[in-house]
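Welcome! Below is a short tour for anyone meeting this structure for the first time. Have a look at the sequence and the fold before reading on.

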There are 2 protein chains.
Amino acid sequence: MTATLNQSESPADSAEGSVHFRNLEPLFAPRGIAVVGASRREGSVGYAIMENLIDGGYQGVIYPVNPKARSLFGIRCVQSLDSIDDDQLDLIVVVIPAPYVLPTIKQGVAKGVKNFVVISAGFKEVGGEGVEREKALKAYADENGLNILGPNCLGIINTHPEVGMNASFGPLTPNRGNIGLISQSGALCSALLDYAGTRGIGFSRFVSFGNKADISEVDLMLSLWKDEETLAILMYVEAISDGRKFVEAAQLITRGPNPKPILMIKTGRTSQGAAAAASHTGSMAGSDEVYDALLEQAGVIRVDSVETLFDVAACFSDPVLPAGRRTAIVTNAGGPGIMATDACISSGLELCKFEDYTIKSLKFQLPAAGSFKNPVDVIGDARHDRYRAALDAVAADDNVDQIMVIVTPQTMTNTTQIAKEIGETRKFCKKPVVACLMGAGEVQEGANELRSKYNVPTYTFPESAAGAMMAKCRFAEWTKTSASSREVKVNKEAAAKILKGLTDKGITSLVEAHAMQVLDAYGFPTVPFKLAANADEAVEAAGKMDGPVVLKIAGPKILHKSDVGGVALNLNSDDEVRNAYNTMIKTVKQRMGDDVEIWGVLVQKMLGKGREMILGLSRDPSLGPLIMCGMGGIYTEVFKDVAFNVAPLDEADATRMIGKTRSAKLLDPVRGQKAADKQALLESLLKLSQFVIDFPQVAELDINPLVVFEKGQGCMAADARIILSGGDE
Amino acid sequence: MTATLNQSESPADSAEGSVHFRNLEPLFAPRGIAVVGASRREGSVGYAIMENLIDGGYQGVIYPVNPKARSLFGIRCVQSLDSIDDDQLDLIVVVIPAPYVLPTIKQGVAKGVKNFVVISAGFKEVGGEGVEREKALKAYADENGLNILGPNCLGIINTHPEVGMNASFGPLTPNRGNIGLISQSGALCSALLDYAGTRGIGFSRFVSFGNKADISEVDLMLSLWKDEETLAILMYVEAISDGRKFVEAAQLITRGPNPKPILMIKTGRTSQGAAAAASHTGSMAGSDEVYDALLEQAGVIRVDSVETLFDVAACFSDPVLPAGRRTAIVTNAGGPGIMATDACISSGLELCKFEDYTIKSLKFQLPAAGSFKNPVDVIGDARHDRYRAALDAVAADDNVDQIMVIVTPQTMTNTTQIAKEIGETRKFCKKPVVACLMGAGEVQEGANELRSKYNVPTYTFPESAAGAMMAKCRFAEWTKTSASSREVKVNKEAAAKILKGLTDKGITSLVEAHAMQVLDAYGFPTVPFKLAANADEAVEAAGKMDGPVVLKIAGPKILHKSDVGGVALNLNSDDEVRNAYNTMIKTVKQRMGDDVEIWGVLVQKMLGKGREMILGLSRDPSLGPLIMCGMGGIYTEVFKDVAFNVAPLDEADATRMIGKTRSAKLLDPVRGQKAADKQALLESLLKLSQFVIDFPQVAELDINPLVVFEKGQGCMAADARIILSGGDE
């Protein structure tokens, strides 16, 4: 839906799949705006907002509410909201001290207004009573079905010519463009507006969401997705409120129908809570890597600086996505050609090989000293015609997915003329073309021409161009993936029954014997095991297993089994099992005291050689259920080389997780070992993901190790621990 | 020595330690210049150089050499070099077709000129006869002791007001400044000049060195080091000609007396030759990581884009180096404060903790809503006075090494006034202060003020600021290191004797038995071993070793011993040794044929548990002798997790190499193992480095494994191979 003031009726909220849409159009395109706290005092926020509304060319009616002033910028002031007689008053902007905000909103609601922008600070961010104030605001919004932006925000801008609303106190009104920007920091918004202007970047919508008491980053990104004017969604976020909701919404936006890229600067690394967690997974969650994984899973392009944010955004001003990573470079100088090659390769792009006919065509049209391979060198004295010939030849090559053109100003170079030919080639060839006009003063005219007339992304140096092109390639690849759900066979009821039996007994911290029972019942592949209460039972259980067995001490408080003599490996006969049993019980009692509770021993089949992995689960208060996967032993403990994702995982998520770590190379054929059974590992991850969803009471879980055998041989959990919520570790 | 035209006599070349200095001052500050190929044709190179010389304000005498023109820019042309009657003619710039270049230089030499800038292309870069032409040029330069810059270059610029020479065909004459720039690419030079201008960056000297037939990047960087006007040396290099020379010169420049930073963009990854190498070391050399290591060893700051090059260079415009990494942030907005924190931490900086008195002072002077911890938030309505108060308080704190100040333009913000106070604080506190004025248009005036009046490095966003500050910190740390040489005890003669004995027999590919003898003789710690020609000798040798032994088949062509049954481990008795010997000989013959040459077996003491490392050596045609070090097994083979440096290593180099890889963590106490004997490993690296220097005929060497025992227990080579140059493998 496009913003327009001619809305006869506000469309209702809606949903697509599990994603809920709030209708924020009345906020973005109100027919009338009241500014409570509009001020005549220059330099005040209430003045700045009025000034921006007028300078921005707002197409509706403005009502400055100020009991002390007669007029503001020639507009007659109203004494209070009550005095406004307009059933098209859709939005109230509130710029008054915090204690008066809620009463004002109530007045607005009494007049039938549902949409508010609360600029005022003095809420959660100041602590103490501010926190209570914000809770009350949110509660009132929920009760009355309101849309409240803020509090503590810069405001909202919609540059659509039929709206022309700058309801913010930013330093200027941005140019119209195709970028939608959502920012948690108001101060940063100001800086971004200022900076973007000098780069010739325009915006469709611009929102500062402040404390997000009511409207969240997720609501806003969904609303920008629905906005036809917006081609790319840029976000600055310090904290994501709900990881699962965010991932679902972002996946819909980035690879649903009509996909749009989301570019994000995410700051504010959290490490709180990580130290307190008991499991491997828990202790590694909360780090910035988890956010990285979450954003990757969501299809979001994460960038780490404002410059890169706009570099990448600029690349999306050309809506055509590249078919692949194969890149051709056309340059008029060798050195910059080498720079560009390096930049492309290190960004992840590929330098394509030309067809013979392309090389022939280039040879025919370029001087002998040129280079006819990739990168193509048209040489320093090239004019626009030679550039055009080279570009057309390269663009026609089927091996070329996109082109980077480099122009260095040399004696004969007319950059503006060359820029025009680059633009014409782009029009003609339907493949993305990106220009690097290396320099500043001289090349400005050409750069402006390329950007404004031809939508050709234009950069100064190849590094930023290559980085942006690669980000766009990744996005193009991402849009082709889909949430491939894959059925996994599990037995929820059986596992639920065991869990219930345990919790009924007050057991919430499940050691190996219990945890393995739960997983086994659920349908997770586990090593054959049996809990034996005495030596005879152990011998009997061992007899039923094919080959040697392992004994492990079992008891509710025995966590570090090896340390207390509680593990015996490779037992081959009845006698060995019996002796091991007796010795083990004796040793454990010696080391832990006679009154240690011992259930008996766990008899397990001794496993053949395989790769030992760790799978894990923890729950992050804001990000939700996190699944972890990594190689066991030093790879997890020393190198922290693990991958995270938010549950539920789809098949693509699980595949990506398996390949993500550096040690994933060890799953391939290595040093005489055959490849590992990645398929079985994938299945286990998906089962774990389903388990997490089926049992919200599971707070933490470690499967360590999951032994993954060679391809076709499957995998088995050999040890596990589960902590239920409310459990004491 | 400062550039000046009043040189009565050219100073001679000189040396410091092993570094040779060419005196290039006559090239940088000639009293008279002849331009052979000066042209009246606009757009031609010969015209552009004349124009630049005149526009640049050259302080000496210009002689345009052009037989067809009467004058150029009002200067009387000369017919030929012969017609010039001036004993202060120091430099000839050559802009004529390649075949005429050498004859012209000869004419110049006949007139007593020693310095030439050859702009002309048509040499090595075109291949064929161009290569021969360049060789002839170089040979003539060597014979006659000339300084020739180029060929195929943009030219040379010296902005010193007493010289004012722009002998280049670049697009403009740069502002005077403190940056010296050396570039292998002429086209890039043009772009850099243009770009730097818009960032307000000035240059002291600016050189394009083209094909470097004679004057190399090393000659130029040494000459910029001697130039008082130059504070930072910036380089664009595609290939380093001589790794060892480069490292020595760069170390002298960056941590010798009067250290100057070298910033480099190094493009053009080489992989040639790597595939052909037989050893582990060889197969991994030639990659970009080797260049990374080389530049780190040289003390060079490597950057990967032009933007970063100038970001970092700007930070050195303030000559004071930070005492440490402890950084204070002062901001007027929360979001940008978080961005800055993230940027600092991820760059490697530390956020300092303030003393109590600082926090008290901040509390006293800032409003209650501010933040008094790091980052300090002076809040959105802060004016210059509040910034000054906060900055002074923070600057006085002993825990603060440097300050990043962030200003976001808000309603009350007068950026120019605040900028002035930032500058005054910097003057007062003698610690580096870096400013981020977030935005563009509005904040320009303040930014210019800070840069030009106060030498305060000023950026738009915190990411580039933090990266630059960290680069400067690293440089500051580097300048404090020294080439700490450490005596290692070796026996060169003994090793030389064995090597000679082998080469006399025509043996150049040394398998384990020989290689271990050489290393043992040299004084390298090796596992006790003895070559036994029959079973009796083996039993006798084993008897003399304390504890179990290993047998390994020994023969000139047997490379993969395990594969042919040529290794037997853990032999404890005479019988076991005898049986193993006989079985081994039999099996090897079965598998390799009866006529395989077998010398016998190597009897080695079986080693206790330790970390297995690989040390290696290969020689790169341009970079020189490369030493490699890494964990053995999968870490080297699968993860390629190894560190390189150029020999000779000093102690700091070796220490850095040991800590450089990810797997270095495994040398620390891990999973119940005590720390490894890093001291012994260091000693081995230094011995290997000395070995490389002592024996230039050693082309490749692998010690695999070097078993490193726990701290205090030393290390031992357990297997090795050496390939001598001319070797057949």
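This is a predicted model: local features need pLDDT of at least 70, side-chain atom pairs count only at pLDDT 80 or more; totals for chains, interfaces and linings use all residues.

With strand E28 (residues 611-620) of chain B, E31(B) forms an antiparallel pair over seven bridges. One place to look is Leu701(B) in E31(B), the bridge partner of Leu617(B).

Strand E33 (residues 720-724) of chain B also runs antiparallel to E31(B), and five bridges join them. Here you can find Ile703(B) bridged with Ala720(B), which belongs to E33(B).

## A hairpin to explore

Next comes strand E32 (residues 715-717) of chain B, which pairs with E31(B) in the antiparallel sense through three bridges. Among the contacts to look for, Val708(B) has Cys715(B) of E32(B) as its bridge partner.

E31(B) and E32(B) make a hairpin with six residues between the strands. Within this hairpin, Gly712(B) adopts a positive phi near 90°.

## Stepping back to the domains

Now turn to chain A, which is divided into four parts: domain 1 (14-230), domain 2 (326-480), domain 3 (484-517 + 610-729) and domain 4 (528-605). Taken over C-alpha atoms, the centres of domain 1 and domain 2 of chain A are 43 Å apart.

Notes
Residues are numbered from 1 along each chain as its sequence is written. Chains are lettered from A and ligands numbered from 1 in the order in which they are written. Two strands pair if DSSP finds at least two bridges between them. Helices (H or I, at least four residues) and strands (E, at least two) are DSSP runs, numbered from the N terminus. Domain bounds come from an automatic or database domain assignment.
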